[in-house]
Number of protein chains: 2
Amino acid sequence: MADSHGGESLLYLTDEQLRQGIEAMYFAYRGFTADPDRILATMAYGRAHHRAIHFINRAPGTTVTNLLEILGVTKQSLNRVLRTLIEDGLVESRVGSADRRERNLYLTEAGEALENRLSDAQRTRMRAAYRDAGPEAVSGFRRVLEAMMDKEMKRRYAALRESGQ
Amino acid sequence: MADSHGGESLLYLTDEQLRQGIEAMYFAYRGFTADPDRILATMAYGRAHHRAIHFINRAPGTTVTNLLEILGVTKQSLNRVLRTLIEDGLVESRVGSADRRERNLYLTEAGEALENRLSDAQRTRMRAAYRDAGPEAVSGFRRVLEAMMDKEMKRRYAALRESGQ
DNA sequence: TTGGAATGTCAACAAAGCTGACTTATTGTG
DNA sequence: CACAATAAGTCAGCTTTGTTGACATTCCAA
């Protein structure tokens with residue numbers, strides 16, 4: 001029972017244990033996105049809008065190019081999302097002061113309100129999962145996730161972490 | 001041991017810490033899917049094909065309905081994927097012996113070959129992440145993921161785990 | 001002043017999800 | 001047996017979110 005989560009020696013990690021980790025990742029990610037998805041479905045928005053809102057909130061004043069790099073999509077794809085958010089008054093795009101080719105992105109009050117709703121839902125689930133799993137599990141969780149990232153994403157993740165705290 | 005004094009420290013989980021967990025989950029999932037995605041992109045397949053192949057391999061002889069429940073998509077969506085896999089000779093659909101309305105799904109040799117390529121890539125990354133994070137991190141990782149799943153997905157995940165080992 | 005960078009836009013397309021309506025077998029039940 | 005329910009599959013049409021490619025605009029910097 002105590003070892004049912006693959007805590008056995010790493011030297012003997014079987015394909016079966018790895019596959020369980022893979023499936024856990026798949027099912028957990030669905031839970032991870034389920035709550036925001038439900039909220040977004042009531043509006044004309046999807047996950048792409050959520051991601052844009054999340055990272056604009058995370059780094060207010062970020063440029064479009066920076067957002068493109070974090071999200072890893074094409075500018076056409078992001079632009080479509082950004083355009084609707086700006087039209088709907090959730091995001092504001094200000095011409096850069098230093099470099100006026102750039103656009104600095106900010107959430108409006110309405111944008112912040114939606115961001116709060118979405119991240120509240122996601123944090124609530126995360127908090128519950130952390131509570132269920134226990135404090136020692138949390139650091140392990142974070143360590144494995146970080147080790148699973150692509151190098152470039154790890155860099156961006158670290159940069160966000162530093163800026164946030 | 002995990003629960004002795006852990007409850008207290010969890011009370012101090014800040015929104016910032018939770019957000020870091022959320023972002024870690026987002027960036028890690030991208031890494032998690034990156035390797036299979038690269039392989040699939042060289043063929044005319046996508047993630048949906050990968051998921052079908054994965055779970056057919058996991059539970060050979062599974063029915064379409066069962067697969068639908070695991071994947072949580074509509075039959076129209078799954079059917080499109082399944083049809084191409086059958087046409088391409090990666091999946092075999094046999095009429096059920098007990099109930100001839102059912103179709104039992106199996107990977108062909110070619111299907112198994114692709115499954116191996118895909119899961120090898122994914123397992124390699126998972127193994128490396130486990131190694132980097134250390135053995136204690138792994139059980140924590142698994143515990144948090146499981147706690148993050150929807151109830152129904154947790155049930156299906158557990159059922160797969162039992163059948164696999 | 002000119003090249004390149006940052007941004008934005010148009011058009012066309014694809015993957016993968018969705019709803020709704022329907023058919024065809026087959027099975028279980030009244 | 002008759003009929004309702006179930007499993008699977010199909011057609012049509014729609015949405016979201018990603019992709020290429022081509023091109024215009026604006027503006028900084030050499």
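This is a predicted model: local features need pLDDT of at least 70, side-chain atom pairs count only at pLDDT 80 or more; totals for chains, interfaces and linings use all residues.
User: What share of the residues of chain A counts as buried?
Analyst: The C-alpha trace of chain A spans about 60 × 35 × 30 Å along its principal axes. Chain A has 165 residues. The buried share is 48%.

User: Among contacts in chain A with a separation of 6 or more, what percentage joins residues 24 or more positions apart?
Analyst: The reference set is the contacts in chain A with a separation of 6 or more.

User: What area is buried between chain A and chain B?
Analyst: On the contact count, 64 residues of chain A meet 66 residues of chain B. Carbon and sulfur atoms give 67% of the buried area. The total is about 6,900 Å².

User: Which helix gives the largest share of the side of chain A that touches chain B?
Analyst: Between the chains, 24 residue pairs are in polar contact, both residues being at pLDDT 80 or more. On the chain A side, α1 (15-41), α2 (47-58), α3 (64-71), α5 (109-133), α6 (135-148) and α7 (151-164) each supply at least two residues. That side divides into 31 nonpolar, 16 polar and 17 charged residues. The largest share, 19 residues, comes from α1(A).

User: What kind of aromatic pair do A:Tyr29 and A:Phe32 form?
Analyst: Both residues lie in helix α1 of chain A, three residues apart, about one turn of the helix. A:Tyr29 is buried at 11% relative accessibility, and A:Phe32 is buried at 5%. Their ring centres are 5.3 Å apart, with 40° between the planes. The structure holds 13 aromatic pairs over all chains, and this one is tilted.

User: Why is the pair of B:Tyr130 and B:Phe141 classed as it is?
Analyst: B:Tyr130 sits in helix α6 (residues 109-133) of chain B and B:Phe141 in helix α7 (residues 135-148), eleven residues apart. B:Tyr130 counts as buried at 1% relative accessibility, as does B:Phe141 at 0%. The ring centres are 6.0 Å apart and the planes stand at 75°, so the class is edge-to-face.

User: Which residues do ring pairs link into a cluster with A:Tyr26?
Analyst: The cluster draws on chain A and chain B. Ring pairs link A:Tyr26 with A:Phe27, B:Phe55 and B:Tyr157.

User: Is A:Asn104 buried or exposed?
Analyst: A:Asn104 is in strand β3 (residues 103-107) of chain A. Its relative accessibility is 16%. The cut-off is under 20%, so A:Asn104 counts as buried.

Terms used. Residues are numbered from 1 along each chain as its sequence is written. Chains are lettered from A and ligands numbered from 1 in the order in which they are written. Side-chain values use heavy atoms; hydrogens and water are left out. Contact means heavy atoms within 4.5 Å. Buried area is the accessible area (1.4 Å probe) that two parts lose on being put together, summed over both. A polar contact is a pair of N or O atoms within 3.5 Å; within protein, one must be able to donate a hydrogen and the other to accept it, and residues adjacent in sequence count only if both atoms are side-chain atoms. Helices (H or I, at least four residues) and strands (E, at least two) are DSSP runs, numbered from the N terminus. Ala, Val, Leu, Ile, Met, Phe, Trp, Tyr, Cys and Pro count as nonpolar, Asp, Glu, Lys and Arg as charged, and the others, Gly among them, as polar. Rings of Phe, Tyr and Trp (its six-membered ring) pair if their centres lie within 6.5 Å; planes under 30 degrees apart count as stacked, over 60 as edge-to-face and the rest as tilted. Buried means under 20% relative accessible area, exposed over 50%, partly exposed in between (1.4 Å probe, protein chains only).
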